[in-house]
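Welcome, and thanks for taking a look at this one. Please have the sequence and the 3D view open side by side as you read.

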Amino acid sequence: MSNANLYPIIEKYTYLNTASSGILSKPIQEWRNQHDIDFLMEGSNFRLQQTTFFSELKQNLSIFLGTSKNTLYLIPNFSFGFNTLLDGLDNNHRFLLLDEDYPSVNYPVRSRGFDHTTVPISPNLEDDILKAIKDFKPSVFAFSIVQYANGTRLDIDFIKTIKQAYPDLLLIADGTQFCGTVPFNFDNSGLDAILSSGYKWMLGGYGNGFVLLSDLLKDQLYMQRKYTSLPKENFLEGRDHLSLCFEPGHLDTLNFGTLNQSVYQLRTLGLENIERITQSICKRARDEFHSRGLLSTEILERKVQSTIINIPLTSVTCERLVAAKIIFINRGTGSRFSFHFYNTDEDLNHLLAVIDGKG
């Protein structure tokens, strides 16, 4: 089945806005319809197999993310998970943050009164991070692997270097603009946590996400609750205190089932193949933007690149893009374009033509 048949929206629009929201495929929409029909006809009987349902999802996610099921908890979105994580940490932690990172990363740290400092996003970002770690001596570095506004991406190898040099430093990552774009192995990443919503590059719709935790971080979360007796009810059998913190109450089978279906699709496509397609089109896009004076050489020459590109465009050009049915968004100081595997050279050619005033 072609991408246009899988994703009807790309028949009508040039969709370059996955960094805001991934799109829904027809097979997943059909699965969601059947899910609600089953609920309609079965009522409470529909939930009788929910334990098996969520176990299957966790197994699929753990394979997809290179870890084991016991590191993984399901959350409705990144922000819920990150706030829950912060509430479980001792308030004496010192945080290193990145300037102008996603508000759901920086604000929860600042608003809780944690001692913190920030590093600006610059061409010397990695060196500046290492210097800040040395000078400020944080106990936690919290950051987005890919910056949502301009697409700056930190290399996993760099993260490993930090962990090797500072093994006790907790490395907590927002993976919402990262997960689903490249092959990833949490157990070998150097990270102590990665949290992600599922509605962007994972193409899993809204209301779902996940958090992966290292043993080092698990031991430091909600320490006082380790000594509180767990509930004895049969329906909570097997739950630990962290599960009861990150997964309180019911989990929605429609939202998390959608994520499960998207993981099946992404695994079938293969993350290596997805990375090859997206990096190819993004490299061409960066080269074309650079040749038009819209992208700096410093950005062009970064060692690793994301699937997000931000360029300065006039309001007149933006109006032409909207009229040409190109879906994008203005972020930070420019216009943000993001490319997933369903985007093509024809999409990029259309974008360039409109920017050049020829479309």
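This is a predicted model: local features need pLDDT of at least 70, side-chain atom pairs count only at pLDDT 80 or more; totals for chains, interfaces and linings use all residues.

**Helix α4 and its surroundings**
- Helix α4 covers residues 50–64, which makes 15 residues.
- From first C-alpha to last, α4 reaches 21 Å, close to the 21 Å expected at 1.5 Å a residue.
- Several α4 residues are buried, including Phe54, Leu57, Leu61 and Phe64.
- The buried set of α4 also takes in Lys58, Asn60 and Ser62.
- An α-helix has 3.6 residues a turn, so residues three or four places apart point the same way.
- Just after α4 comes Gly66, with a positive phi of about 65°.

- Asp347 sits in helix α15, which spans residues 345–355.
- Although Asp347 is buried, it has no salt bridge.
- The nearest side chain of opposite charge belongs to Arg284, 10 Å away.
- Beyond its neighbours within four places in sequence, Asp347 is in contact with Thr14, Leu16 and Tyr342.

**A nonpolar surface patch**
- Ile37, Leu40 and Met41 make up a nonpolar patch on the surface, and together they have about 360 Å² of accessible area.
- Ile37 belongs to helix α3, residues 26–42.

Terms used:
Residues are numbered from 1 along each chain as its sequence is written. Side-chain values use heavy atoms; hydrogens and water are left out. Helices (H or I, at least four residues) and strands (E, at least two) are DSSP runs, numbered from the N terminus. The expected span of a helix is 1.5 Å times one less than its number of residues. Buried means under 20% relative accessible area, exposed over 50%, partly exposed in between (1.4 Å probe, protein chains only). Lys and Arg count as positive and Asp and Glu as negative; His and the chain ends are not counted. A salt bridge is a side-chain nitrogen of Lys or Arg within 4 Å of a carboxyl oxygen of Asp or Glu. Contact means heavy atoms within 4.5 Å. Patches are made of residues with over 30% relative accessible area and no salt bridge: like charges are joined within 9 Å, nonpolar side chains (Val, Leu, Ile, Met, Phe, Trp, Tyr) within 5 Å. Accessible areas come from the Shrake-Rupley method with a 1.4 Å probe; for residues, only the protein chains shown count as cover.
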